[in-house]
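Hi,

Here is the structure I promised to hand over.

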Amino acid sequence: MSKRVSKENYYLDIAQTVAERSTCLRRKFGAIIVKDDSIIATGYNGAPRGRKNCIDLGSCYRDKLGIPRGERYELCRSVHAEANAIISAPRDQMLGSTLYMACINPSDGSLFPGTSSCMMCKRMVINAGIEQIVVRDTEEEYRVIKVSDWIDNDDSLSGVFGY
């Protein structure tokens with residue numbers, strides 16, 4: 001008898017599939033917003049509509065400049081997965097929702113554990129009214145982050161950048 005996949009891993013599987021659409025050379029992120037067991041929106045990281053993607057250009061500007069992850073996102077061509085999902089969803093449907101996120105390493109297709117939203121995406125998630133984030137670390141393991149913790153423990157005041 002086969003074991004039924006958990007609800008969290010079901011949605012994380014979908015987020016991981018969405019990540020396959022990413023056009024980023026550094027990390028492929030996929031995000032889905034779910035409320036009341038209905039998928040509200042999906043998003044992956046890539047250049048704004050109509051602009052060339054890094055995979056089309058064959059290079060990443062931030063890589064060329066040696067910028068570490070989590071820093072200087074104003075130089076990135078991509079709109080992040082969380083932002084793209086939020087842009088696609090009506091706010092009233094996001095209130096109290098859950099955002100599921102997975103990150104894939106483009107070089108070998110493996111999951112990238114320990115990832116989190118950048119400071120800009122955290123601000124968007126807070127304002128969207130999303131209640132929690134579920135982040136995949138392995139095929140079976142994930143972390144649940146309460147968005148209220150991002151409000152109570154405001155890391156934008158720490159002076160520490162990256163994630």
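With 163 residues, a compact globule would have a radius of gyration near 15 Å, and the protein has 15 Å, so the two agree. That radius is taken over C-alpha atoms, and the globule rule is 2.2 Å times the number of residues to the power 0.38. Along the principal axes, the C-alpha atoms fill a box of roughly 45 × 40 × 30 Å.

Before you dig in: this is a predicted model, where local features need pLDDT of at least 70 and side-chain atom pairs count only at pLDDT 80 or more, while totals for chains, interfaces and linings use all residues. Residues are numbered from 1 along each chain as its sequence is written, and side-chain values use heavy atoms, with hydrogens and water left out.

On to the fold. There are 7 helices and 5 strands (DSSP runs numbered from the N terminus: H or I of at least four residues for helices, E of at least two for strands). From the N terminus on, they run α-β-β-α-α-α-α-β-α-β-β-α.

The 5 strands make an open, mixed sheet in the order β2-β1-β3-β4-β5; two strands count as paired if DSSP finds at least two bridges between them. At the edges sit β2 and β5 (142–146), each pairing on one side only. Ignoring direction, neighbouring strands are turned by 20° against each other on average (axes are lines fitted to C-alpha atoms, for helices over the stretch in contact, with angles from 0 to 180 degrees between N-to-C directions). β1 and β2 run antiparallel and are joined by 6 bridges, and A31 has G43 in β2 as its bridge partner. β4 and β5 are also antiparallel, over 5 bridges, and they form a hairpin with 5 residues between them. Here Q132 is bridged to K146 in β5.

Now the packing. Of the 163 residues, 44% count as buried (under 20% relative accessible area; exposed is over 50% and partly exposed in between, with a 1.4 Å probe and protein chains only). The largest nonpolar core has 22 residues, and I33, I86, M94, L99, V125, I130 and I133 have the most contacts inside it. Such a core is a set of buried Ala, Val, Leu, Ile, Met, Phe, Trp, Tyr and Cys residues joined through side-chain atoms within 4.5 Å. Elements giving two or more residues to this core include β1 (28–35), β3 (98–104) and α6 (119–128). Apart from it lies another core of 9 residues, among them Y11, A15, V18 and V34.

Leaving aside neighbours within four places in sequence, L99 is in contact (heavy atoms within 4.5 Å) with A31, I32, I33, E82, I130, Q132, I133 and V134. Over the whole protein, residues 24 or more positions apart account for 67% of the contacts with a separation of 6 or more.

N84 is in helix α4 and counts as partly exposed because its relative accessibility is 21%. Not counting residues up to four places away in sequence, N84 touches T42, G43, Y44, G46 and V79.

What about disulfides (cysteine sulfur atoms within 2.5 Å)? A search of the whole structure finds 0. The sulfur of C24 has its closest cysteine sulfur in C76, 5.9 Å away, so the two are too far apart for a bond. C24 counts as buried at 12% relative accessibility, whereas C76 is partly exposed at 24%.

Cheers

Definitions and conventions:
Disulfide = S-S within 2.5 Å.
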